[in-house]
Amino acid sequence: MQSQKKYAQKLSLEFFPPRTDQGMEKLKTVIKEIGAMQPEYMSVTYGAGGSTQEKTLETVRFIQTQTEFQAAPHLTCIGATQESVMALLEQYDALGVKRIVALRGDLPSGMMDPGEFKYASDLIAFIRQQKGDTFHLEIAAYPETHPQARNCAIGLKWFKHKVDQGADSAITQYFYNFDSYRYFIDNCEKHGIDLPIIPGIMPITNYENLLRFSQSCGAEVPRWLRCRLESFEDDKEGLLAFGRDVVTELCQQLLDAGAPGLHFYSMNNTEPTLQIAQSLRLRQD
Ligand code: FAD
C-alpha cells in the first residue's frame, strides 16, 4: 500500500442523473445537504450508448454553475463516435469542467455496434490527443477483477495499458473485502502502476437491491455479510444501522492503510453517505 500513502486523502461523491423533474428537485436538496462533506468533486453517471446524455449534461450543468462544487461527468465510449465524444467534450470544456470519469460502459441490449471505441483505453488516448491536459482523467479499477477479464493477470495487464494512455487516477468498483483492495494495490505496485486508486464505497441500504446490483456488476457480497443482512427481514432500521457500521469500519480501515480518499456511490441519498463520512478520520496532509 506504500505507493498510495503519498497522495492526499480526499472524499468524492457520485450521483446518477434523475429521470424526472421531481427526482431532479430531490437531488438538488441532497447536493445541498451532502455538501457538508466538502467533497473534492461530484461525479454524474452516464448511460452507456448515450441513453442519459441530456440528463447527465443537465445535472453536470447544475452542479457546475449553481453550486460551489466541481462536477465530474462520466463518459462511456461504447457505441459512440469520435464526433459525438468530441461534441460532449467541447460542451464540458465550455462549462469549465476539469475532470472526466472515462469508461467503456457495457453495450446496451439490442445494440450491436460497439462504435469507434472498443475499450476505455481508446477513449483515454483520444481525449489526450484531442484535448491535451484540459481534463483530469479518472478511470475504473476492479480489485475483484472485471467480470469479463479471463483472469486477474490479464485484467491487470489491460488496466496498466489504460493507465499508460494518460489516466490521472482511478476509482474502484465497490467491494466489502478490504484484502481485495490491499492485494490489488500491491499487485499494481509490482507492475509499476503508480497513480491514486480511490476505493469506491457503496453504503448498504437495501439487501435485495444490493444483491441484484452486485450480481450485475460482478462485485462480491461476502457470505457472512449476506447472512447477516438477510436476517434483518423487515427491520429496515436494524439493517441500516448494521450496514452503516460495516461500511464505516471498512472505510476507516482503508484510510488507516493509506487509501488516497474514498469515492461514495451515494445513490442520490444524503443520510447513508453523510453519516459514514462524518464519523471518519482523514489523514491531515
Ligand atoms: P475497460 O477498461 O475498457 O475494460 C473492460 C474489459 O475489457 C475488462 O475486462 C478489461 O480487462 C478488458 N480490456 C480492456 N482493454 C482491452 C484490450 N485492449 N484488449 C482486450 N481486452 C481489454 N457504466 C456506465 O454505463 N456508466 C457509468 O457512468 C459508469 N460509471 C462507472 C464508474 C466506476 C467508478 C466504475 C468502477 C464503473 C462504472 N461503470 C459505468 C461500469 C463500467 O462501464 C463497466 O464496468 C464496464 O463493463 C467496463 O468499463 P471500463 O471503463 O472499466 O472498461
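**The ligand site and its surroundings**

In this predicted model, a side-chain N or O atom of Trp158 lies 3.4 Å from a nitrogen atom of the ligand. A polar atom in the side chain of Lys162 is 2.8 Å from an oxygen atom of the ligand, and for Ala120 a backbone N or O atom is found 2.9 Å from an oxygen atom of the ligand. On its own the ligand has 970 Å² of accessible area, and the protein covers 85% of that area.

The shell around the ligand can be described by residue and by secondary structure. There are 22 residues around the ligand, and those that come nearest are Tyr46, Arg104, Asp106, Tyr142 and Lys162. Two or more residues are given to the shell by each of the elements β3 (71-76), α5 (152-164) and β6 (169-174). The most is given by β6, with 3 residues.

Attention may now turn to helix α6, which spans residues 178-190 and holds Ser180. Ser180 counts as buried because its relative accessibility is 13%, and the limit for that class is under 20%. Leaving aside residues up to four places away in sequence, Ser180 touches Pro143, Glu144 and Phe175.

Phe16, Phe213 and Met267 make a nonpolar patch of about 270 Å². Phe213 belongs to helix α7, residues 207-217, and counts as partly exposed because its relative accessibility is 39%. Met267, by contrast, is in a loop, the one between β8 (261-265) and α10 (271-278). Met267 also counts as partly exposed, since its relative accessibility is 39%.

Which backbone angle of Met267 is positive, although the residue is not a glycine? The angle is phi, at about 55 degrees. Asn268 lies in the loop between β8 and α10 as well, and its phi, near 60 degrees, is likewise positive in a residue other than glycine. These values deserve a remark because most residues other than glycine have a negative phi. Is Asn268 buried or exposed? Asn268 is buried, because its relative accessible area is 6%.

Note on methods. Residues are numbered from 1 along each chain as its sequence is written. This is a predicted model: local features need pLDDT of at least 70, side-chain atom pairs count only at pLDDT 80 or more; totals for chains, interfaces and linings use all residues. Side-chain values use heavy atoms; hydrogens and water are left out. Patches are made of residues with over 30% relative accessible area and no salt bridge: like charges are joined within 9 Å, nonpolar side chains (Val, Leu, Ile, Met, Phe, Trp, Tyr) within 5 Å. Accessible areas come from the Shrake-Rupley method with a 1.4 Å probe; for residues, only the protein chains shown count as cover. A salt bridge is a side-chain nitrogen of Lys or Arg within 4 Å of a carboxyl oxygen of Asp or Glu. Helices (H or I, at least four residues) and strands (E, at least two) are DSSP runs, numbered from the N terminus. Buried means under 20% relative accessible area, exposed over 50%, partly exposed in between (1.4 Å probe, protein chains only). Contact means heavy atoms within 4.5 Å. A residue is near a molecule or strand if one of its heavy atoms lies within 4 Å of it. A polar contact is a pair of N or O atoms within 3.5 Å; within protein, one must be able to donate a hydrogen and the other to accept it, and residues adjacent in sequence count only if both atoms are side-chain atoms.
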